[in-house]
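Open the model in your viewer and keep the selection tool at hand. This tour goes from one selection to the next and says what is there.

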Amino acid sequence: MLKIGITGGIGVGKTVVCRMFAILGVPVYDADTRAKWVMRYDEALKQELTDAFGPETYTQEGELNRTYLAKTAFHDPQKLALLNSLVHPHVGNDFEHWVEAQSSAPYVIKEAALMYESESWRQMDEIIVVSAPLEVRIKRVLQRDPHRTQHDIEAIIGKQLKEEDKKARAQHIIYNDDQQLVIPQVLKLHELFISKK
Ligand SMILES: CC(C)(COP(=O)(O)OP(=O)(O)OC[C@H]1O[C@@H](n2cnc3c(N)ncnc32)[C@H](O)[C@@H]1O)[C@@H](O)C(=O)NCCC(=O)NCCS
Ligand SMILES: Nc1ncnc2c1ncn2[C@@H]1O[C@H](COP(=O)(O)OP(=O)(O)OP(=O)(O)O)[C@@H](O)[C@H]1O
């Protein structure tokens with residue numbers, strides 16, 4: 001099974017691009033959503049997170065307190081590294097199980113903001129970086145996430161690998177910069193991946 005990774009920093013448009021591949025029938029694994037799922041339902045991980053970050057990590061109903069964790073981890077490199085080291089191995093295992101269930105697809109996609117930072121690029125055959133200028137990304141995220149300030153967004157960007165470094169390591173780049181058309185770029189890559197089947 002050909003495994004394609006889609007990455008890029010906050011607000012580049014990974015989810016939008018993945019939706020286009022999904023419309024073409026390609027199974028898409030969303031690491032952000034799955035990370036939240038394992039953090040919610042894996043009891044051993046829940047205990048580890050509570051031990052590491054305190055009882056505020058979960059609400060009384062057992063929901064992940066994302067606002068608390070974002071405030072705690074995104075502004076403290078050591079806490080973020082700890083959070084990543086607890087969560088990412090679970091997401092890696094979850095992805096491997098998911099791939100096994102997709103045998104009829106020509107190829108699969110994993111969407112992850114932290115493909116290179118989390119080492120999950122090792123599980124992929126090829127990687128696409130979605131690229132957009134910084135000011136466009138900040139504008140998009142301010143619109144999408146009204147609860148985040150520009151300062152919050154810049155703090156998150158500061159914790160992610162620089163776009164130039166991602167582009168240098170990736171096999172493919174999709175420009176989602178409000179200048180170039182995105183759909184033709186997606187179709188071209190889709191044809192390429194299908195031809196490798
Ligand atoms: C801290 C959490 C609870 C905050 O949740 P919240 O809903 O406020 O933010 P959300 O998950 O949408 O993240 C916003 C953006 O921040 C970036 N981001 C997310 N996690 C991280 C991280 N560990 N390091 C750097 N950037 C990150 C991504 O670009 C993401 O899209 C959540 O981000 C989380 O659980 N992160 C740890 C798990 C993880 O690393 N997920 C990323 C893919 S595996
Ligand atoms: N080409 C575009 N034109 C207009 N709006 C766009 C475009 N691409 C993305 N957006 C919007 O910008 C916001 C960010 O896009 P998206 O959620 O796909 O980014 P992302 O890379 O998945 O971000 P994150 O890392 O936070 O998950 C969304 O509200 C999306 O609808």
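The stops below cover a ligand and then a pocket in a predicted model.

**Stop 1: the ligand.** Select ligand 1 and the residues around it. The shell holds 18 residues, and the closest are Lys36, Arg66, Asn84, His88 and Gln160. Colour the shell by residue class: 11 are nonpolar, 3 polar and 4 charged.

Stop 2: Now show helix H2 (31-41), helix H4 (66-73) and helix H5 (77-100), each of which supplies at least two residues of the shell around ligand 1. H5 provides the largest share, 5 residues.

**Stop 3: polar atoms.** Select the side chain of asparagine 84, where a polar atom lies 2.7 Å from a nitrogen atom of ligand 1. Next, take arginine 148: a polar atom of its side chain is 3.1 Å from an oxygen atom of ligand 1. For aspartate 32, the distance from an N or O atom in the side chain to an oxygen atom of ligand 1 is 3.3 Å. How much of ligand 1 does the protein bury? Alone, ligand 1 exposes 770 Å², and the protein buries 93% of that.

**Stop 4: the second largest pocket.** Select Gly9, Leu134, Arg137, Ile157, Gly158, Gln160, Leu161, Lys162, Glu163, Glu164 and Lys166, which line the second largest pocket. The space in this pocket is about 180 Å³. Helix H6 (134-144), helix H7 (150-158) and helix H8 (163-169) are the elements that give two or more residues to the lining. H8 gives the most, with 3 residues. By class, the lining has 3 nonpolar, 3 polar and 5 charged residues.

How values were computed
Residues numbered from 1 in each chain as written. Chains lettered and ligands numbered in written order. Predicted model: local features only at pLDDT ≥ 70, side-chain atom pairs only at ≥ 80, totals over all residues. Heavy atoms only, no water. Near = heavy atom within 4 Å. Polar contact = N/O pair within 3.5 Å; in protein donor to acceptor, adjacent residues only side chain to side chain. Areas by Shrake-Rupley, 256 points an atom, 1.4 Å probe, with all protein chains shown as cover. Helix = DSSP H or I, 4+ residues; strand = E, 2+ residues; numbered from the N terminus. Nonpolar A, V, L, I, M, F, W, Y, C, P; charged D, E, K, R; others polar. 1 Å grid on protein atoms, 1.4 Å probe; cavity = no way out; pocket = protein on both sides within 12 Å on 5 of 7 lines; lining within 4 Å. Points joined across faces, edges and corners; volume = space filled by probe spheres on them.
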